[in-house]
Amino acid sequence: MLELFAWSLVAILLVVWLGIVAFGPPYVPTLSKDLEEVIKTLKIGAKDHVVDLGCGDGKILLACAKRGARVSGVELNPFLVWISRYRTRLFKDRVDVSLGDMWRYKLPEETSHVFVFFAEKFMPKLKEYVAHQKSQGRHFRLVSYGFSLPGEIPSEKSGAFNIYNF
Ligand SMILES: C[S@@+](CC[C@H](N)C(=O)[O-])C[C@H]1O[C@@H](n2cnc3c(N)ncnc32)[C@H](O)[C@@H]1O
(Lines give C-alpha, C1' and ligand atoms only; values in the text may rest on other atoms or scores of the structure.)
Protein backbone atom coordinates (compact mmCIF):
# COMPACT_ATOMS: atom_id res chain seq x y z
CA MET A 1 0.00 0.00 0.00
CA LEU A 2 2.81 2.37 1.00
CA GLU A 3 4.64 1.43 -2.18
CA LEU A 4 1.60 2.25 -4.29
CA PHE A 5 1.33 5.65 -2.58
CA ALA A 6 5.04 6.35 -3.18
CA TRP A 7 4.81 5.45 -6.88
CA SER A 8 1.65 7.55 -7.30
CA LEU A 9 3.46 10.50 -5.74
CA VAL A 10 6.44 10.02 -8.07
CA ALA A 11 4.07 9.83 -11.07
CA ILE A 12 2.25 13.02 -10.02
CA LEU A 13 5.52 14.92 -9.50
CA LEU A 14 6.77 13.72 -12.89
CA VAL A 15 3.61 14.90 -14.65
CA VAL A 16 3.83 18.31 -12.91
CA TRP A 17 7.51 18.62 -13.85
CA LEU A 18 6.91 17.65 -17.50
CA GLY A 19 4.05 20.14 -17.67
CA ILE A 20 6.28 22.91 -16.35
CA VAL A 21 9.08 22.12 -18.81
CA ALA A 22 6.52 22.42 -21.63
CA PHE A 23 5.09 25.75 -20.39
CA GLY A 24 8.17 27.45 -18.96
CA PRO A 25 11.64 27.09 -17.47
CA PRO A 26 12.31 24.28 -14.97
CA TYR A 27 13.17 24.98 -11.33
CA VAL A 28 16.75 26.15 -10.73
CA PRO A 29 17.29 28.76 -8.01
CA THR A 30 19.22 32.00 -8.53
CA LEU A 31 22.63 31.93 -6.78
CA SER A 32 22.54 33.72 -3.41
CA LYS A 33 25.70 35.73 -4.11
CA ASP A 34 24.32 37.11 -7.40
CA LEU A 35 20.97 37.86 -5.78
CA GLU A 36 22.50 39.84 -2.91
CA GLU A 37 24.57 41.83 -5.39
CA VAL A 38 21.66 42.77 -7.66
CA ILE A 39 19.50 43.73 -4.67
CA LYS A 40 22.24 46.16 -3.63
CA THR A 41 22.63 47.50 -7.17
CA LEU A 42 18.87 48.09 -7.46
CA LYS A 43 18.61 49.46 -3.90
CA ILE A 44 15.49 47.37 -3.27
CA GLY A 45 13.57 48.75 -0.29
CA ALA A 46 10.20 49.72 1.15
CA LYS A 47 9.35 51.93 -1.84
CA ASP A 48 9.37 48.91 -4.19
CA HIS A 49 6.96 46.23 -5.30
CA VAL A 50 8.92 43.28 -6.66
CA VAL A 51 7.36 40.54 -8.78
CA ASP A 52 9.05 37.19 -9.46
CA LEU A 53 7.59 35.39 -12.49
CA GLY A 54 8.10 31.70 -11.71
CA CYS A 55 9.08 32.33 -8.10
CA GLY A 56 10.35 28.79 -7.42
CA ASP A 57 11.06 28.31 -3.70
CA GLY A 58 10.50 32.01 -2.90
CA LYS A 59 14.17 32.87 -2.54
CA ILE A 60 13.90 36.23 -4.34
CA LEU A 61 10.60 37.08 -2.62
CA LEU A 62 12.12 36.43 0.80
CA ALA A 63 15.30 38.43 0.12
CA CYS A 64 13.31 41.46 -1.13
CA ALA A 65 10.66 41.24 1.62
CA LYS A 66 13.48 41.31 4.20
CA ARG A 67 14.48 44.72 2.72
CA GLY A 68 10.95 46.00 3.28
CA ALA A 69 9.64 45.63 -0.30
CA ARG A 70 6.17 44.37 -1.17
CA VAL A 71 6.60 41.15 -3.14
CA SER A 72 4.40 39.06 -5.41
CA GLY A 73 5.25 35.72 -6.94
CA VAL A 74 3.49 33.40 -9.34
CA GLU A 75 4.45 29.75 -9.68
CA LEU A 76 3.03 26.77 -11.60
CA ASN A 77 4.31 24.08 -9.26
CA PRO A 78 2.00 23.72 -6.21
CA PHE A 79 4.77 22.22 -4.10
CA LEU A 80 7.02 25.25 -4.71
CA VAL A 81 4.09 27.60 -4.00
CA TRP A 82 3.72 25.94 -0.63
CA ILE A 83 7.46 26.29 0.06
CA SER A 84 7.43 29.97 -1.00
CA ARG A 85 4.50 30.73 1.29
CA TYR A 86 6.14 28.90 4.17
CA ARG A 87 9.51 30.65 3.72
CA THR A 88 7.92 34.11 3.58
CA ARG A 89 5.39 33.51 6.38
CA LEU A 90 6.99 36.13 8.66
CA PHE A 91 6.29 38.85 6.08
CA LYS A 92 2.69 37.81 5.32
CA ASP A 93 1.45 41.41 5.31
CA ARG A 94 3.52 42.27 2.24
CA VAL A 95 3.83 38.93 0.43
CA ASP A 96 1.50 37.41 -2.13
CA VAL A 97 2.26 34.05 -3.76
CA SER A 98 -0.16 32.82 -6.44
CA LEU A 99 -0.48 29.37 -7.93
CA GLY A 100 -0.82 29.89 -11.66
CA ASP A 101 0.61 30.43 -15.11
CA MET A 102 2.94 33.43 -15.31
CA TRP A 103 2.05 34.03 -18.96
CA ARG A 104 -1.47 34.93 -17.82
CA TYR A 105 -0.33 36.86 -14.77
CA LYS A 106 -1.35 40.53 -14.65
CA LEU A 107 1.30 42.64 -12.97
CA PRO A 108 0.08 44.64 -9.96
CA GLU A 109 -0.27 48.35 -10.85
CA GLU A 110 2.48 49.44 -8.49
CA THR A 111 5.06 46.89 -9.77
CA SER A 112 8.55 48.45 -9.78
CA HIS A 113 10.72 45.40 -10.60
CA VAL A 114 10.04 42.11 -12.38
CA PHE A 115 12.55 39.31 -11.80
CA VAL A 116 12.82 36.44 -14.27
CA PHE A 117 15.08 33.42 -14.55
CA PHE A 118 14.02 31.77 -17.79
CA ALA A 119 15.75 29.87 -20.58
CA GLU A 120 16.77 31.18 -24.02
CA LYS A 121 13.75 29.64 -25.76
CA PHE A 122 11.26 31.54 -23.57
CA MET A 123 12.81 35.02 -24.07
CA PRO A 124 10.85 35.91 -27.25
CA LYS A 125 7.63 35.02 -25.40
CA LEU A 126 8.79 37.16 -22.47
CA LYS A 127 9.28 40.07 -24.87
CA GLU A 128 5.62 39.73 -25.96
CA TYR A 129 4.54 39.52 -22.31
CA VAL A 130 6.47 42.72 -21.49
CA ALA A 131 4.95 44.54 -24.51
CA HIS A 132 1.48 43.52 -23.37
CA GLN A 133 2.09 44.71 -19.80
CA LYS A 134 3.42 48.03 -21.12
CA SER A 135 0.26 48.44 -23.21
CA GLN A 136 -1.66 48.03 -19.92
CA GLY A 137 0.22 51.03 -18.49
CA ARG A 138 2.83 49.17 -16.45
CA HIS A 139 6.31 50.71 -16.06
CA PHE A 140 8.97 48.63 -14.35
CA ARG A 141 12.55 47.41 -14.42
CA LEU A 142 12.94 43.92 -15.86
CA VAL A 143 15.71 42.01 -14.07
CA SER A 144 16.64 38.94 -16.09
CA TYR A 145 19.08 36.37 -14.74
CA GLY A 146 21.42 34.82 -17.29
CA PHE A 147 19.47 35.58 -20.44
CA SER A 148 18.92 38.69 -22.52
CA LEU A 149 15.80 39.96 -24.21
CA PRO A 150 16.10 39.66 -28.02
CA GLY A 151 16.57 43.03 -29.74
CA GLU A 152 16.83 45.01 -26.47
CA ILE A 153 19.92 46.59 -24.91
CA PRO A 154 20.09 46.38 -21.10
CA SER A 155 20.34 49.75 -19.37
CA GLU A 156 22.53 48.17 -16.71
CA LYS A 157 24.19 44.87 -15.76
CA SER A 158 24.87 43.34 -12.37
CA GLY A 159 26.83 40.08 -12.52
CA ALA A 160 24.72 37.69 -14.59
CA PHE A 161 21.65 39.97 -14.38
CA ASN A 162 20.51 42.10 -17.34
CA ILE A 163 18.41 45.09 -16.26
CA TYR A 164 15.98 46.79 -18.65
CA ASN A 165 13.82 49.88 -18.06
CA PHE A 166 10.27 49.64 -19.41
C1 LIG B 1 14.67 28.86 -13.20
S2 LIG B 1 13.41 28.73 -11.94
C3 LIG B 1 13.61 30.30 -11.11
C4 LIG B 1 13.13 30.27 -9.67
C5 LIG B 1 13.28 31.62 -8.94
N6 LIG B 1 12.65 32.69 -9.69
C7 LIG B 1 14.73 31.96 -8.72
O8 LIG B 1 15.27 32.74 -9.53
O9 LIG B 1 15.35 31.45 -7.77
C10 LIG B 1 11.94 28.97 -12.93
C11 LIG B 1 10.64 28.71 -12.18
O12 LIG B 1 9.55 29.03 -13.04
C13 LIG B 1 8.51 28.08 -12.80
N14 LIG B 1 7.65 28.09 -13.98
C15 LIG B 1 7.91 27.53 -15.19
N16 LIG B 1 6.90 27.77 -16.05
C17 LIG B 1 5.99 28.52 -15.36
C18 LIG B 1 4.74 29.09 -15.73
N19 LIG B 1 4.24 28.95 -16.96
N20 LIG B 1 4.07 29.79 -14.79
C21 LIG B 1 4.57 29.93 -13.53
N22 LIG B 1 5.75 29.40 -13.13
C23 LIG B 1 6.46 28.70 -14.05
C24 LIG B 1 9.23 26.79 -12.53
O25 LIG B 1 8.42 25.88 -11.81
C26 LIG B 1 10.44 27.27 -11.74
O27 LIG B 1 10.19 27.26 -10.36
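**A strand between two partners**

In strand β4 (residues 113–116), valine 116 is the bridge partner of leucine 53. The model is a predicted one, in which local features need pLDDT of at least 70 and side-chain atom pairs count only at pLDDT 80 or more, while totals for chains, interfaces and linings use all residues. Residues are numbered from 1 along each chain as its sequence is written, and side-chain values use heavy atoms, with hydrogens and water left out.

Leucine 53 belongs to strand β1 (residues 49–53), where helices (H or I, at least four residues) and strands (E, at least two) are DSSP runs numbered from the N terminus. Strands β1 and β4 run parallel and are joined by 4 bridges, two strands being paired if DSSP finds at least two bridges between them. Strand β1 is also joined by 5 bridges to strand β2 (residues 70–75), again in parallel, and there the bridge partner of leucine 53 is valine 74.

Together with helix α3 (residues 59–66), β1 and β2 make a right-handed β-α-β unit; right-handed means that, with the strands pointing away from the viewer, the path from the first strand over the helix to the second runs clockwise.

Of the 5 residues of β1, 5 are buried (under 20% relative accessible area, with exposed over 50% and partly exposed in between, for a 1.4 Å probe and protein chains only). His49, Val51 and Leu53 are buried on one side, and Val50 and Asp52 on the other.

Valine 116 leads on to serine 144, which is in contact (heavy atoms within 4.5 Å) with Val116, Met123, Ala160, Phe161 and Asn162, leaving aside its neighbours within four places in sequence. Serine 144 lies in strand β5 (residues 141–145) and is buried, with a relative accessible area of 1%.
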